[in-house]
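I opened the model to look up a few local features and the way the chains meet. My entries follow in the order of looking.

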Amino acid sequence: MGLPNASGDLSTEVEVDAFRRLFPLRFYEKHLSESIRPDARPLGRARDTTIALGAVASANGSALAKIGSTTMLAAIKMEVMTPSTETPDEGCVAIDFHMPPICSPIVRPGRPAEAAPVVSKQLSDTILSSGMISLKELCLVSGKAAWMAYLDIYCLDADGALFDTALLSAVAAFSHLEIPVVSLNDDGKIVLLSEEQEGMSEREPVNREKRKLTLCSIPFSLTCILHKNYILADPTAEEESIMETLVTIVLDSSSQLVSLYKPGGPVLAYTSAIQDCIAITRQRVKELQKILEEAISVMEVD
Amino acid sequence: MAAKPGSAPTTYSPSLTQKTRPPIFKGNDLDWVRPDGRGFHQCRPAFFRTGAVNSASGSAYAEFGNTKVIVSVFGPRESKKAMMYSDIGRLNCNVSYTTFATPVRGQGSDHKEFSSMLHKALEGAIMLETFPKTTVDVFALVLESGGSDLPVVISCASLALADAGIMMYDLVAAVSVSCLGKNLVIDPILEEESYQDGSLMLTCMPSRYEVTQLIFTGEWSTPDINEAMQLCLDACGKLGKVMRSCLKEATSASQE
């Protein structure tokens with residue numbers, strides 16, 4: 001809000017603000033009829049996206065992803081478990097999504113946000129069913145020890161499109177993940193091989209060098225809002241609260257459909273609307289792939 | 001699904017346990033150097049940034065070495081309906097850790113008392129009568145714990161309150177000192193904290209030279225107490241200047 005001046009600019013700003021609060025739907029429809037949104041984006045464009053790898057030094061893999069103002073921090077910590085008898089050479093991935101009270105005024109310390117377990121389950125299903133990670137790569141000693149990767153995603157700022165940003169940060173964290181070098185000691189426990197011990201240890205390291213997971217068919221997603229016959233890509237929190245019909249489409253790097261999620265909403269999705277959403281998502285996937293590759297190459301230069 | 005529903009397999013971290021490592025200094029050795037090379041009376045370089053979270057009324061991010069904290073302030077907003085009428089404002093604080101903040105996953109739940117300690121540190125500095133009937137919520141999230149967590153949370157919280165425009169008598173700066181044998185080290189890291197014989201955390205308002213909170217633990221002799229308090233007050237004065245310059249930069253950047 002600027003200082004009041006003689007030409008009465010403040011009062012027009014106050015009027016626009018009041019109109020936006022009192023009649024949000026009409027405010028948005030006035031913009032949509034001109035094919036633009038209040039933040040000057042065309043309907044099919046997503047907000048600026050950035051990825052920073054290695055945000056958390058104490059974790060084995062981490063990433064900070066931002067789409068517009070929505071910020072997510074993902075970190076992976078590796079622990080050792082005994083694999084089950086049915087799958088003796090497979091590890092495990094545990095995915096958890098948290099919305100701490102800092103991220104949004106609607107979250108309170110005692111009461112978790114409604115969106116948190118929904119996004120958590122969606123993420124878990126998408127990542128495990130997309131086939132991005134082969135659990136056999138997480139095996140250490142067949143039948144005795146395998147890696148359990150705990151992926152924790154924290155929402156630091158909630159401004160719409162939570163699932164998209166969370167998936168992007170999870171994928172970036174997995175591409176940054178480095179599995180530490182460990183060896184089996186006499187008690188049958190796995191211990192970290194620190195650098196001083198490497199020359200002195202009589203035990204063979206179980207895995208030779210710190211290695212990365214091979215990721216195939218990486219999933220990327222885009223959430224769209226359907227309102228009358230408009231399709232808005234990458235909604236902000238304000239848009240999500242006014243126009244409630246969301247469609248989330250997850251495609252993998254070869255443009256195959258991984259998941260389609262439309263949780264109810266007043267607008268029905270006809271085939272043509274879904275096909276338009278998929279087309280917008282395809283372009284977005286190419287953008288996201290480029291952003292992720294740039295972030296990885298920046299890390300490797302360092 | 002890779003994990004069987006209903007069963008959580010027990011896991012352990014492969015990193016070395018603390019007990020097998022020798023302490024970082026032996027006995028009364030006065031020559032030992034701190035693990036990160038600092039002098040005994042040298043604090044870590046402080047980095048502050050306000051406006052980290054857009055959804056909040058005010059927010060701040062602080063980074064002291066490996067300790068990284070985000071604090072969001074919401075309010076003044078309506079108190080819960082169950083609360084009685086109060087003609088001064090209320091302050092509600094909460095401090096939580098991420099699961100990856102500590103070297104071993106999940107140890108952050110050991111610090112449940114930090115929420116009420118943060119409340120005690122801030123309530124002396126805030127002008128509660130300027131927002132009657134409403135509540136100001138201060139929520140802190142420790143992203144990475146590298147030692148001296150609570151002092152960093154307190155300093156960051158007072159910056160976030162300033163960013164939100166809540167009226168205060170002064171900024172609140174906090175510093176902690178650890179007693180390791182005969183040595184006093186300021187702003188200890190996690191390793192030094194685990195071997196300490198005693199610790200002091202002092203929270204003060206630098207410009208007013210008033211202490212809002214003082215917490216001693218462990219064994220202290222009287223001359224050590226006086227020396228430690230003076231160290232803390234000097235360090236808080238310098239920290240207060242850093243915080244003030246951060247706020248000035250933020251406002252001058254937004255005016256451009």
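Leaving aside neighbours within four places in sequence, which residues is B:Thr98 in contact with? I found A:Tyr154, B:Leu141, B:Val142 and B:Leu143. Contact here means heavy atoms within 4.5 Å.

Ground rules, noted before going on. This is a predicted model, where local features need pLDDT of at least 70 and side-chain atom pairs count only at pLDDT 80 or more, while totals for chains, interfaces and linings use all residues. Residues are numbered from 1 along each chain as its sequence is written, chains are lettered from A and ligands numbered from 1 in the order in which they are written, and side-chain values use heavy atoms, with hydrogens and water left out.

**Entry: B:Thr98**

I placed B:Thr98 in the loop between S5 and helix H1 (114-123) of chain B. Helices (H or I, at least four residues) and strands (E, at least two) are DSSP runs, numbered from the N terminus. B:Thr98 has a relative accessible area of 2%, so I logged it as buried. Buried means under 20% relative accessible area, exposed over 50%, and partly exposed in between (1.4 Å probe, protein chains only). A polar atom of the B:Thr98 side chain lies 3.2 Å from the backbone oxygen of B:Leu143.

**Entry: chain B overall**

I counted four helices and ten strands in chain B. Along the sequence they run β-β-β-β-β-α-β-α-β-β-α-β-β-α. Chain B has 256 residues, and 48% of them count as buried. For contacts in chain B with a separation of 6 or more, 69% come from residues 24 or more positions apart.

**Entry: helix H2 of chain B**

I checked the length of H2(B), residues 149-164. At 1.5 Å a residue, its 16 residues should span 22 Å, and the end C-alpha atoms are 22 Å apart, which agrees. The expected span is 1.5 Å times one less than the number of residues. Of the 16 residues of H2(B), 14 are buried, so the helix is largely enclosed by the rest of the structure. B:Gly165 follows H2(B) and has a positive phi, near 85 degrees.

How much area do chain B and chain A bury between them? I read about 3,400 Å², 61% of it on carbon and sulfur atoms. Buried area is the accessible area (1.4 Å probe) that two parts lose on being put together, summed over both. B:Tyr12, B:Phe100 and B:Arg105 supply 23% of the area that chain B buries against chain A, more than any other three residues. The contact takes 36 residues from chain B and 41 residues from chain A.

I found two salt bridges between the chains. A salt bridge is a side-chain nitrogen of Lys or Arg within 4 Å of a carboxyl oxygen of Asp or Glu. One pairs A:Arg108 with B:Asp137, the closest N and O atoms being 3.6 Å apart. S6(B) gives the most to the side of chain B that touches chain A, with six residues. B:Asp137 counts as buried at 1% relative accessibility. A:Arg108 counts as partly exposed at 25%.

**Entry: salt bridges elsewhere**

Over all chains, the search finds 20 salt bridges. A:Asp234 pairs with A:Arg47, the closest N and O atoms being 3.1 Å apart. A:Asp234 sits in the loop between strand S12 (230-233) and helix H6 (237-242) of chain A, and A:Arg47 in the loop between helix H2 (24-32) and strand S1 (49-53) of chain A, so the pair ties together parts that are 187 residues apart in sequence. A:Asp234 is buried at 1% relative accessibility. A:Arg47 is also buried, at 9%. I noted that a network of salt bridges links A:Asp39, A:Arg41, A:Arg47, A:Asp159 and A:Asp234.

The peptide bond from B:Gly75 to B:Pro76 is cis, with omega near 0 degrees. B:Pro76 lies in strand S4 of chain B. B:Asp187 is not a glycine, yet its phi is positive, about 55 degrees. I found B:Asp187 in the loop between strand S8 (183-186) and helix H3 (190-194) of chain B. It counts as buried at 6% relative accessibility.

How values were computed
Polar contact = N/O pair within 3.5 Å; in protein donor to acceptor, adjacent residues only side chain to side chain.
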